[in-house]
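Reader: I'd like to walk through helix faces and aromatic pairs in a model. Could you show me how to read them?

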Amino acid sequence: MIRISCDDKADAVRSLARIYGVDVGKVAGIANGDWPTSISESTAPYQDLFDSRYVPQLMARHLNGDPDGEFGEVAYYHRTAYDGSADWFQEGLLASHEAVNAFLNKIARIVPLGSDDRDIALANITDRGHCEGPGAGGPYAFDVLDNARYADQAGMDYSLPEFFMGNAWSDKYGVCYAAPILEPLRKKLKPVLVKFSGKPSDPDAYITNLWQYVFRAWKGEPMGATSHFPCTFCGEGKTVSPDRIIQIVDLGGLAVDPTSEFSQQISKSLKS
């Protein structure tokens with residue numbers, strides 16, 4: 001059972017208590033205002049304030065606890081799209097090259113594909129791998145549920161694979177994305193969150209993400225929808241097996257309004 005995750009503020013507080021081996025009440029006290037003055041009174045931007053590798057130890061001294069750097073796997077949140085069928089993820093979350101072929105095979109019955117579309121998609125994956133360097137190849141995921149939930153507003157719609165975006169499409173369509181493919185997919189596929197277990201590539205950075213998330217919640221200044229916390233899951237081109245998938249949450253047909261009844265049902269489902 002995965003006991004460390006960030007579905008919401010309360011979940012982050014519980015997770016931090018487990019990592020530091022302290023009572024939940026001690027972390028809750030900090031979350032409700034008992035922050036070190038070096039953090040609470042700082043005027044530095046969030047990205048600077050929480051860009052220090054000393055944050056986990058600073059909070060350890062404040063808690064009188066010691067973070068367990070070997071806390072194992074945590075929950076991550078992958079944003080994608082599917083047709084609503086139960087078998088869409090029966091092979092797990094595939095690495096980039098395998099995912100291209102699998103996804104194009106699945107959508108072939110939904111939208112006509114050109115003979116060269118597969119080659120263009122694979123070329124985009126190769127280009128991205130060259131840019132990303134070590135650890136590239138997917139799958140990709142967010143540390144925080146909120147980032148995945150609003151990932152359709154983060155500059156591009158992460159519900160659909162990024163291999164449909166890139167310079168390789170410009171020669172065929174005149175724009176840097178596969179417009180004739182994306183437009184029908186947005187109408188026929190539904191956005192979905194896949195919550196799965198994985199080991200952080202940088203445990204200290206993951207802990208810092210949790211503290212920043214909780215601090216922003218206390219300040220009433222959550223991460224904007226057009227940004228996200230640093231991602232600590234490194235897929236390295238290896239498939240996330242089906243047995244590591246914790247939950248699949250259908251987001252319906254549109255970006256979720258956090259105040260809507262449907263969104264609140266999602267939150268309750270993830271807490272259960």
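Predicted model: local features only at pLDDT ≥ 70, side-chain atom pairs only at ≥ 80, totals over all residues.

Reader: What sits over the face of tryptophan 88?

Author: Lysine 106 does, at 4.7 Å from the ring centre. The rule is that NZ of Lys or CZ of Arg lies within 6 Å of the ring centre and within 35 degrees of the ring normal. Likewise, the charged end of arginine 216 is over the ring of tyrosine 46, 3.9 Å from its centre.

Reader: How do I read aromatic pairs, and how many does the structure hold?

Author: A pair of aromatic rings is described by the distance of the centres and the angle of the planes. Rings of Phe, Tyr and Trp (its six-membered ring) pair if their centres lie within 6.5 Å; planes under 30 degrees apart are stacked, over 60 edge-to-face, and the rest tilted. The structure holds 20 such pairs. For tyrosine 20 and tryptophan 211, the centres are 5.8 Å apart and the planes at 65°, so this pair is edge-to-face.

Reader: Which helices do tyrosine 20 and tryptophan 211 lie in?

Author: Tyrosine 20 lies in helix α1 and tryptophan 211 in helix α11, so the pair ties together parts that are 191 residues apart in sequence. Helices here are DSSP runs (H or I, at least four residues), as are strands (E, at least two), numbered from the N terminus. Tyrosine 20 counts as buried at 2% relative accessibility, and tryptophan 211 at 0%. Both also belong to one aromatic cluster with Trp35, Tyr46, Phe50, Phe215 and Trp218.

Reader: And helix faces: which residues of α2 are buried?

Author: An α-helix has 3.6 residues a turn, so residues three or four places apart point the same way. In α2 (residues 24-31), the buried ones are Val27, Ile30 and Ala31. Seen down the axis of α2, they fall within an arc of 100° (taken from the directions from the helix axis to the C-beta atoms), so they line one face of the helix. Their cover includes α1 (9-20), α5 (55-63) and α11 (203-219), with contact meaning heavy atoms within 4.5 Å.

How values were computed: Residues numbered from 1 in each chain as written. Heavy atoms only, no water. Buried < 20%, exposed > 50% of the residue type's maximum accessible area, 1.4 Å probe, protein only.
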